[in-house]
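Please go through the structure shown below together with the briefing that follows it. The points are grouped by topic.

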Amino acid sequence: MDNLFPKSWKAETKPHLFCPGCGHALALKQLGLAVDELGCQKNMALGIDIGCSLLAWDFFNIDTTQTHHGRTVPVMVGYKMARPERLAVAYMGEGGAYAIGLQSLLHAALRNSPVMVIVINNENYAMTGGQMSPTTPIGKITTTSPNGKEIIFGPGFKGPEIIRQLAAKNAFISRGSTANPLVLKILIKKALENQIKNNSFSFLEILSFCPTNWRTDATASLSQLKEMEKLYPLGEFN
Amino acid sequence: MKTTKIIIAGMGGQGVQVLGKILGQAAAQNGLAASYIPLFGVEQRGAPSVAYIIINDTQVRYPLFKTADWALILHPRATDVVANHISQKTKVIFDSSLMAPPMINKKPAELLGLPATKLANEKFFIKAANLIILGKIARELGLPENLIWQETETVMSKKLKNEKTKDKSRSAITWGYKITLEKNNFSLPSFQPKKGVINLKGADKHGWLIPERCKGCGICLAKCPAGAVKFSAHTGSFATSLPEIDLTKCTACGNCFLFCPDGAIKIEKDKK
């Protein structure tokens with residue numbers, strides 16, 4: 001029954017380790033479909049971070065490596081330097097990308113290193129129990145902000161907008177959402193093709209949901225995702 | 001100085017840790033020394049979850065142990081985790097409505113069945129299965145029923161706000177307290193998850209549903225524009241309800257396939 005999910009997924013490890021209704025799996029599904037369509041499964045490497053993203057360690061039939069927290073981008077930059085003919089994809093959460101690993105990410109963008117970075121933004125540190133993260137909007141209740149996030153912790157961090165300021169012109173910067181998987185797949189394909197054709201940096205933030213820590217059911221998660229899309233505008237940033 | 005060691009194992013989400021916490025606190029309130037240690041993986045849901053509990057008259061020196069006096073197995077996939085902690089002295093209670101008698105190399109002292117999930121589904125609500133088991137083990141340990149309920153109320157205060165749920169939970173514990181365990185004639189595992197591929201045919205459509213992958217998140221229900229998907233009475237391997245598809249209402253739009261995070265569902269129109 002392999003027609004139920006992408007060919008690049010590893011069938012033996014399914015059901016996977018993500019929670020019921022996790023947005024990570026939805027994003028990885030579209031990544032799998034994009035890889036299938038481009039036919040680059042045997043010609044790429046996937047780097048994963050600490051956090052919920054590490055549960056993808058045996059997700060694909062793709063060479064996968066796991067790194068220290070926030071250091072996925074430099075590891076994949078190094079990989080790309082050693083094997084320039086192969087595709088390098090770094091897959092991480094917003095805690096790894098925008099908090100502990102921000103300098104690595106910014107400098108990779110500054111150097112226009114030819115790697116692709118996928119950041120899953122679900123507005124909290126999900127694996128440790130839903131703590132407040134850089135992208136948590138003001139007023140949202142999490143386990144470390146029981147009265148709603150206060151302004152002293154800063155408003156929601158807008159990654160793609162900031163990276164656009166310092167990235168090269170031919171870098172591909174965009175933001176997609178798991179609410180629209182078809183558009184998401186197009187964005188992933190464009191980002192991968194950008195690495196092949198232009199040999200430049202590509203960055204994709206994916207808005208996602210976390211039913212376990214948001215304490216929502218499927219309908220409520222999807223409507224909260226719609227609220228997120230108002231705060232974080234979707235599309236390509238040129 | 002009498003020491004009782006209890007190990008509870010189940011899948012994440014079944015209420016193993018809640019059970020352990022209530023039991024430990026109740027023992028402490030009853031004037032005994034108690035320790036409770038949770039053990040689970042990095043996943044928040046759907047992986048084996050184990051609770052170690054030690055109850056002693058005077059003090060607990062070390063909270064972990066090798067052989068347990070009581071082993072409670074709530075899910076077939078958690079059997080392997082407990083197997084190492086079972087010896088000839090261990091009494092094993094398992095959920096006989098979810099699983100066949102567990103195959104354990106060392107023969108335990110007693111193998112006792114308790115169809116908790118079936119009872120909870122028939123009499124209370126499906127999530128009350130752990131409370132029935134809690135009532136039973138509390139009686140075996142000699143903890144008073146009122147104390148158990150008092151601790152349940154403190155631990156689960158957020159979930160017991162609804163009066164109806166509260167009454168049902170109370171009677172689930174009472175029921176568990178009174179129930180006799182099955183010794184040899186175990187009830188059939190009627191809640192055993194479906195396996196393989198469920199093929200659906202009809203109205204010029206073909207559907208596939210894989211119960212081993214479905215986690216019951218409900219995204220297919222929320223995303224179906226025709227309202228053709230709803231939860232059924234059958235459970236998948238994660239002890240959650242499987243979706244049920246009304247193929248006459250279905251328009252084969254493909255939304256359920258597109259949005260399923262687990263790759264468990266797909267409906268296509270028949271090729272002509």
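**Helix α2 of chain A**

In α2(A), the buried residues are Thr72(A), Val73(A), Pro74(A), Val75(A), Met76(A), Val77(A), Tyr79(A) and Lys80(A); buried means that 20 or more other C-beta atoms, placed from the backbone, lie within 10 Å of the residue's own. The model is predicted: local features need pLDDT of at least 70, side-chain atom pairs count only at pLDDT 80 or more, and totals for chains, interfaces and linings use all residues. Residues are numbered from 1 along each chain as its sequence is written, and chains are lettered from A and ligands numbered from 1 in the order in which they are written.

- Helix α2(A) spans residues 72-82, and eight of its eleven residues are buried, so the rest of the structure largely encloses it.
- Helices (H or I, at least four residues) and strands (E, at least two) are DSSP runs, numbered from the N terminus.
- The cover over the buried residues of α2(A) includes β1, β2 (63-66), β3, α3 (94-100), α4 (102-110) and β4 of chain A.

**Chain A overall**

- Chain A has eight helices and nine strands.
- Its radius of gyration (taken over C-alpha atoms) is 17 Å, close to the 18 Å that the globule rule gives for 238 residues, so chain A is as compact as a globular protein of that length. The globule rule is 2.2 Å times the number of residues to the power 0.38.
- The C-alpha trace of chain A spans about 50 × 45 × 30 Å along its principal axes.
- Of the 238 residues in chain A, 53% are buried.

**Strand β3 of chain A**

- Seven of the seven residues of β3(A), residues 87-93, are buried.
- Leu87(A), Val89(A), Tyr91(A) and Gly93(A) point one way from the strand, while Ala88(A), Ala90(A) and Met92(A) point the other way.
- β3(A) runs parallel to β1(A) (residues 44-48), joined by five bridges, and Ile48(A) stands opposite Tyr91(A). Strands pair if DSSP finds at least two bridges between them.
- β3(A) also runs parallel to β4(A) (residues 116-121), again through five bridges; there Met116(A) is the bridge partner of Val89(A).

**Nonpolar cores**

- A nonpolar core is a set of buried Ala, Val, Leu, Ile, Met, Phe, Trp, Tyr and Cys residues joined through C-beta atoms within 7 Å.
- The largest core has 93 residues, of which Ala90(A), Val115(A), Val117(A), Ile118(A) and Cys256(B) touch the most other members. Helix α1(A), residues 23-38, gives the most to this core, with eight residues.
- Leaving aside neighbours within four places in sequence, Val115(A) is in contact with residues including Val73(A), Met76(A), Ala88(A), Ala90(A) and Phe201(A). Contact means that C-beta atoms, placed from the backbone, lie within 7 Å.

**Contact between the chains**

- On chain B, 26 residues are in contact with 25 residues of chain A.
- Elements giving two or more residues to the chain B side are α7(B) (219-223) and α8(B) (255-259); the largest share, three residues, comes from α7(B).

**Sheet of chain B**

- Six strands form an open sheet in the order β2-β3-β1-β4-β5-β6 of chain B, with mixed pairing.
- β2(B) (33-40) and β6(B) (110-113) stand at the edges with a single partner strand each, so one side of each has no neighbour in the sheet.
- β5(B) (residues 91-94) and β6(B) pair in the parallel sense over four bridges, and Glu110(B) is the bridge partner of Lys91(B).

Methods. Two residues are in contact if their C-beta atoms, placed from the backbone, lie within 7 Å. A residue is buried if 20 or more other C-beta atoms lie within 10 Å of its own, exposed if 12 or fewer, and partly exposed in between; C-beta atoms are placed from the backbone.
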